[in-house]
Amino acid sequence: MRKSLFFIWLLSICIPTIVFCQASQTPAYQIELDKAELAYLSKKYNTAAQLYQKVYPKVKDEETKQKVLFKIADSYRNSNNFKQALKWYEEVLNSKYPDPAILYSYGQLLKNFERYDEASRAFYDYNFEVPEDPNGKTCMQSCALAGEWKANPL
């Protein structure tokens, strides 16, 4: 009887402690991050970009920080705010974001700003990382042509 009472007492102490420890492992900024994610998934890209920018300085985990950076850049791109998107894509590239698709999007933005040499370099890097995707090579060729046309207009 004493052993079972001791065991019940021990469980009544341990279970709340375990639950509390698991709850405290959730980052404090998680609610803000969830709001930003919901806005992004709802295609409210301006709102998502602002929310992600608010939460970005609070994130400590490097992988999560990179994902937030990407979402900021992508939100601006999707809302056609290309100037801000370009700025944030450069931040994403500097953070060593692992997905090579970022190079393709960055190249497209550079092409929009008629920075064909830089865009061609981004597409070259993309083509190196993802050789099976013909878009990289096609975009490199289009940058070369656009650069020629810009240099020698008719």
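Why are Lys67 and Glu63 separated by about one helical turn? Lys67 and Glu63 are four residues apart in helix H4 (residues 62–78), and therefore about one helical turn lies between them. Helices here are DSSP runs of H or I with at least four residues, numbered from the N terminus.

The model is predicted, so local features need pLDDT of at least 70 and side-chain atom pairs count only at pLDDT 80 or more, whereas totals for chains, interfaces and linings use all residues. Residues are numbered from 1 along each chain as its sequence is written, and side-chain values use heavy atoms, with hydrogens and water left out.

The two residues of the opening question form a salt bridge, with their closest N and O atoms 3.4 Å apart. The term salt bridge denotes a side-chain nitrogen of Lys or Arg within 4 Å of a carboxyl oxygen of Asp or Glu. Lys67 is partly exposed at 45% relative accessibility, and Glu63 is partly exposed at 48%.

Helix H4 itself can be considered next. The expected span of a helix is 1.5 Å times one less than its number of residues. For the 17 residues of H4 this should give 24 Å, and the end C-alpha atoms are 24 Å apart, which agrees. The buried residues of H4 include Val68, Leu69, Phe70 and Ile72, and also Lys65, Lys71 and Asp74. The buried residues of this helix pack against H2, helix H3 (45–55), H5 and H6, where contact means heavy atoms within 4.5 Å. After H4 comes Asn80, whose phi is positive, near 65°.

Ser95 stands in the loop between helix H5 (82–94) and helix H6 (101–112). With a relative accessible area of 15%, Ser95 is buried. Leaving aside residues up to four places away in sequence, Ser95 touches Gln66 and Leu69, and both of these are among the buried residues of H4. Ala36 belongs to helix H2 (residues 30–41) and is buried at 0% relative accessibility. The C-alpha atoms of Ala36 and Ala48 are separated by 4.8 Å, although the two residues are 12 residues apart along the chain. With residues up to four places away again left aside, Ala36 touches Ala48, Leu51 and Tyr52.

Arg115 is partly exposed at 29% relative accessibility, and Glu90 is partly exposed at 29%.

Another salt bridge brings together the side chains of Lys150 and Glu114, at 3.3 Å from N to O. Lys150 lies in helix H8 (residues 134–151) and Glu114 in the loop between H6 and H7, so the pair ties together parts that are 36 residues apart in sequence. Glu114 is partly exposed at 42% relative accessibility. Finally, salt bridges that share partners join Glu90, Arg115 and Glu118 into one network.

Definitions and conventions: Helix = DSSP H or I, 4+ residues; strand = E, 2+ residues; numbered from the N terminus. Buried < 20%, exposed > 50% of the residue type's maximum accessible area, 1.4 Å probe, protein only.
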